[in-house]
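User: I would like to go through this model term by term and ask what stands behind each description. Please set the values against the cut-offs as we go.

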Amino acid sequence: MEKNDKALALLGLATRAGKTLAGEVQVMEAIRKRKAALVIAASDASDNTRKAVADKCGYYGIPVLIYADKDSLGRYTGRGYTAIAAVTDRGFAAKIGKLIEENNNRMS
């Protein structure tokens with residue numbers, strides 16, 4: 001990831017505001033309860049984890065994006081290694097999603 005990654009910086013701000021969840025159990029529960037506005041899966045998460053998250057998000061109509069790695073995702077959500085994270089605030093989710101899409105488009 002870039003040193004000045006705006007999407008991860010905004011994810012860190014959302015975490016400090018108490019608007020994120022990290023870890024498979026918490027995120028899956030937030031998806032089921034429709035509290036997650038955006039789910040981010042680390043690019044180095046296992047295929048099973050990414051498939052489970054994508055299936056669950058697809059069923060509940062929640063956007064899921066693949067971005068960063070476990071170390072970066074964990075660092076910006078205040079945890080160690082984290083394979084998945086959820087943003088629970090719609091405003092933060094929209095802006096983070098837009099920044100991730102821009103970064104992904106720039107890289108391809």
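**Reading the terms against the values**

Analyst: At the start of helix α1, the backbone nitrogen of Ala7 has a side-chain oxygen of Asp5 within 3.0 Å. Please keep in mind throughout that this is a predicted model.

User: Why is α1 called roughly antiparallel to α5?

Analyst: The axes of α1 (residues 6-16) and α5 (residues 90-107) cross at roughly 160 degrees and come within 8 Å. Because angles over 145 degrees count as roughly antiparallel, α1 is roughly antiparallel to α5. The crossing in which α1 passes α5 is left-handed.

User: Which residues of α1 and α5 meet, and how do they divide into nonpolar, polar and charged?

Analyst: On the α1 side they are Lys6, Ala7, Leu10, Leu11, Leu13 and Ala14, and on the α5 side Phe92, Lys95, Ile96, Leu99, Ile100 and Asn103. The residues of this contact divide into 9 nonpolar, 1 polar and 2 charged.

User: Which residues of α1 are buried, and what do they pack against?

Analyst: The buried residues in α1 are Ala7, Leu8, Leu10, Leu11, Gly12 and Ala14. The elements that the buried residues of α1 pack against are the strands β1 (20-22), β2 (38-41) and β4 (84-87), together with the helices α4 (70-76) and α5. Just after α1, Gly18 has a positive phi of about 80 degrees.

User: How do you know that Ile100 is buried?

Analyst: Ile100, which is found in helix α5, has a relative accessible area of 1%; since buried means under 20%, Ile100 is buried. Apart from neighbours within four places in sequence, Ile100 is in contact with Ala7, Ile40, Leu65 and Tyr67. Ile100 and Leu8 are 92 residues apart in sequence, yet their C-alpha atoms are 8.7 Å apart in space.

User: What makes α2 and α3 roughly parallel?

Analyst: The axes of α2 (24-32) and α3 (residues 47-60) come within 9 Å and cross at roughly 15 degrees. Angles under 35 degrees count as roughly parallel, and therefore α2 is roughly parallel to α3. Here too the crossing is described as left-handed, with α2 passing α3.

User: Which residues of α2 and α3 meet?

Analyst: Glu24, Met28, Ile31 and Arg32 in α2 are in contact with Thr49, Ala52, Val53, Lys56, Cys57 and Tyr60 in α3. This contact is made up of 6 nonpolar, 1 polar and 3 charged residues.

User: Why is Thr49 counted as buried, and why is Arg50 called partly exposed?

Analyst: Both residues belong to helix α3. The relative accessibility of Thr49 is 13%, and because the cut-off for buried is under 20%, Thr49 counts as buried. Arg50 has a relative accessible area of 25%, which lies between the 20% and 50% cut-offs, so Arg50 is partly exposed.

User: What do Thr49 and Arg50 touch beyond four places in sequence?

Analyst: Thr49 is in contact with Glu24, Ala83 and Ile84. Arg50 touches Ala41, Ala42, Ser43, Ala45 and Ile66.

User: Is Arg34 buried or exposed, and is Ala68 buried or exposed?

Analyst: Arg34, in the loop between α2 and β2, has 52% relative accessibility, and because exposed means over 50%, Arg34 counts as exposed. Ala68, in the loop between β3 (64-66) and α4, has 4% relative accessibility, and because buried means under 20%, Ala68 counts as buried. Phi is positive in Arg34, near 60 degrees, and positive in Ala68, about 60 degrees, although Ala68 is not a glycine.

User: How do you know that Thr82 is buried?

Analyst: Thr82 lies in the loop between α4 and β4 and has a relative accessible area of 3%; because this falls under 20%, Thr82 is buried. Beyond four places in sequence, Thr82 touches Ala22, Gly23, Ala42, Lys70, Leu73, Gly74 and Thr77.

Terms used: Residues numbered from 1 in each chain as written. Predicted model: local features only at pLDDT ≥ 70, side-chain atom pairs only at ≥ 80, totals over all residues. Heavy atoms only, no water. Axes fitted to C-alpha atoms, helices over the stretch in contact; angles between N-to-C directions. Helix = DSSP H or I, 4+ residues; strand = E, 2+ residues; numbered from the N terminus. Parallel < 35°, antiparallel > 145°, perpendicular 65-115°, else oblique. Left-handed = near helix turned anticlockwise from the far one by under 90°. Contact = heavy atoms within 4.5 Å. Nonpolar A, V, L, I, M, F, W, Y, C, P; charged D, E, K, R; others polar. Buried < 20%, exposed > 50% of the residue type's maximum accessible area, 1.4 Å probe, protein only. Polar contact = N/O pair within 3.5 Å; in protein donor to acceptor, adjacent residues only side chain to side chain.
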